[in-house]
Amino acid sequence: MNRSFDLVIVGAGIVGCMVAYFSRQVLDRRRVLIVDHGFVASGTTGHSPGHCHPQGFDARQRDLTDRSIAFFEAAAPKLPPALFRRKRLFGVVARERAASVVGSYVRGQPRIADADRARQICGSLGLTIDPGQDIHCDGFTFFGQPVAIAHHLAKSFVSEGGSLWEGRHVSGIEEDGSRWRLVLADGQTVSSERVVVSIGPWLSGSALAAPFKEVPFRRKKVCALHVYAELPEDAPLIYFHDDDSYLMPRDDLGYWIFSFASPDWDCALSPASLVIDERDRQIALSVLKKYRDDMVELATGGRLGCDSYAPDFNPGAWPDASGRVVLAGLGSGYGFRLSPAVAADALNLLFPGADVRTERGLE
Ligand SMILES: Cc1cc2nc3c(=O)[nH]c(=O)nc-3n(C[C@H](O)[C@H](O)[C@H](O)COP(=O)(O)OP(=O)(O)OC[C@H]3O[C@@H](n4cnc5c(N)ncnc54)[C@H](O)[C@@H]3O)c2cc1C
């Protein structure tokens, strides 16, 4: 078994799998290892319904969004059709914020509906809105299947000679001259020139966080309800910008996903304490009630996980002091949609001058 690599990626969520995939632009895959204490996409990525909202609230997020969607759009023709697709998008937003929200889309540019069109849209979508709110229409958004895409990337990486070790926990990282030694929980060690740490919410409390003391990050619960209401064919996604929530039709699963903002910071990772609690449900249902009162009784299920958050809510890549270990991720609740750009940035930090690009899609 090879124990010496040019690059080791710790964590095979969507970010680690993207890094593994893009590593083909800088390295011979046979010199790259991705290692996970569970299996591919068994962490936060496994809980994500895969909304790729083409919006960015600041210049940094617009850039991440633009480069990431360029990857998904270029990759889509080479993926099975259901893995990445477009959906019609409507949005509800306070009138005073409407112009800036509409202007923050980097794809599928929506526009504000006039009063007649807004009334007609509300009627057809069964929506109630406040007199001070506008509706945007004529835009589009994207859905991806994070688990299947992560597996697709991992499979491609392995088929080209890359190493994937699942069920192996990395418990420590030590500098070893010009290289790094990774200590596995089973007592084995692995040596590598460079390391990417992409362990999602497990970063808090992990020895692998030690090189990144300067990076302030926190963990937060991310949850959504499942609403078993009628799902018309070609139902659109409806974004409620004033409440940081959206309704996503999942015709493949037979329910709507109502994503809302849980305020539960620094949550524990254990299944016993990580639950959708009474406060979460109250927050979710009070928002849903405003817009789709009829759905409240039908919101009988849900999904949850937690994610690492960056202070400015922008995922990214951060080097350690040596420049040879990079933290990639801090998904901030939407790390799937921005994972291609984050992965490319991680490799560009580790290999200065490499110019790893996302828009080449799947090669
Ligand atoms: C309910 C929910 C809904 C979401 N909806 C969306 C959405 O619609 N759109 C969107 O873009 N994002 C969404 N997100 C966020 C998105 O899922 C995450 O930002 C993204 O999956 C993070 O990916 P990651 O690769 O950084 O982390 P993870 O997927 O958590 O991967 C980290 C991996 O590291 C492994 N690991 C941890 N510690 C170690 C160790 N010491 N040794 C070895 N391996 C280790 C874990 O097993 C895991 O596989 C949602 C999240 C949740 C929970």
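Let me start with helix H1 (14–22), whose buried residues are Ile14, Val15, Gly16, Cys17, Met18, Val19, Ala20, Tyr21 and Phe22. Buried here means that 20 or more other C-beta atoms lie within 10 Å of the residue's own; exposed means 12 or fewer, partly exposed is in between, and the C-beta atoms are placed from the backbone. H1 is mostly covered, with nine of its nine residues buried. Helices (H or I, at least four residues) and strands (E, at least two) are DSSP runs, numbered from the N terminus.

Two remarks on the source. Residues are numbered from 1 along each chain as its sequence is written. The model is predicted, so to speak of local features pLDDT has to be at least 70, and side-chain atom pairs count only at pLDDT 80 or more, while totals for chains, interfaces and linings use all residues.

What do the buried residues of H1 pack against? They pack against strands S1 (4–10), S2, S10 (189–197) and S17 (325–329), and against helices H5 (146–159) and H7 (339–350). A contact is a pair of residues whose C-beta atoms, placed from the backbone, lie within 7 Å.

Leaving out residues up to four places away in sequence, Val19 touches Ile9, Val196, Ser198, Ala328, Ala343, Ala346 and Leu347. In the largest nonpolar core, of 59 residues, Val19 and Ala346 touch the most other members. Apart from that core lies another, of 33 residues, among them Val101, Val222, Leu247 and Leu288. Such a core is a set of buried Ala, Val, Leu, Ile, Met, Phe, Trp, Tyr and Cys residues joined through C-beta atoms within 7 Å.

Now the domains. The chain is divided into domain 1 (4–47 + 146–216 + 312–350) and domain 2 (87–143 + 218–309), with bounds that come from an automatic or database domain assignment. Their C-alpha centres lie 31 Å apart. Across the boundary, 13 residues of domain 1 are in contact with 10 residues of domain 2. The side of domain 1 that touches domain 2 has four nonpolar, nine polar and no charged residues. For these classes, Ala, Val, Leu, Ile, Met, Phe, Trp, Tyr, Cys and Pro count as nonpolar, Asp, Glu, Lys and Arg as charged, and the others, Gly among them, as polar.

Where does the ligand lie? Both domains give residues to the shell around the ligand, so it lies between them. Of the 43 residues around the ligand, Gly13, Gly43, Gly200, Gly331 and Gly335 come nearest; to be near, a residue needs its C-beta atom, placed from the backbone, within 6 Å of the molecule. Two or more residues each come from H1, strand S2 (32–36), strand S11 (218–227) and strand S15 (301–309). S15 gives the largest share, four residues. By class, the shell holds 17 nonpolar, 22 polar and four charged residues.

Pro236 sits in the loop between S11 and strand S12 (237–240). Why does Pro236 count as buried? Because 21 other C-beta atoms lie within 10 Å of Pro236. Not counting residues up to four places away in sequence, Pro236 touches Lys87, Arg88, Leu89 and Phe90.

Last, the whole chain. The secondary structure comes to seven helices and 17 strands. Of the 363 residues, 45% count as buried. The C-alpha trace spans about 70 × 40 × 35 Å along its principal axes.

Definitions and conventions: Two residues are in contact if their C-beta atoms, placed from the backbone, lie within 7 Å.
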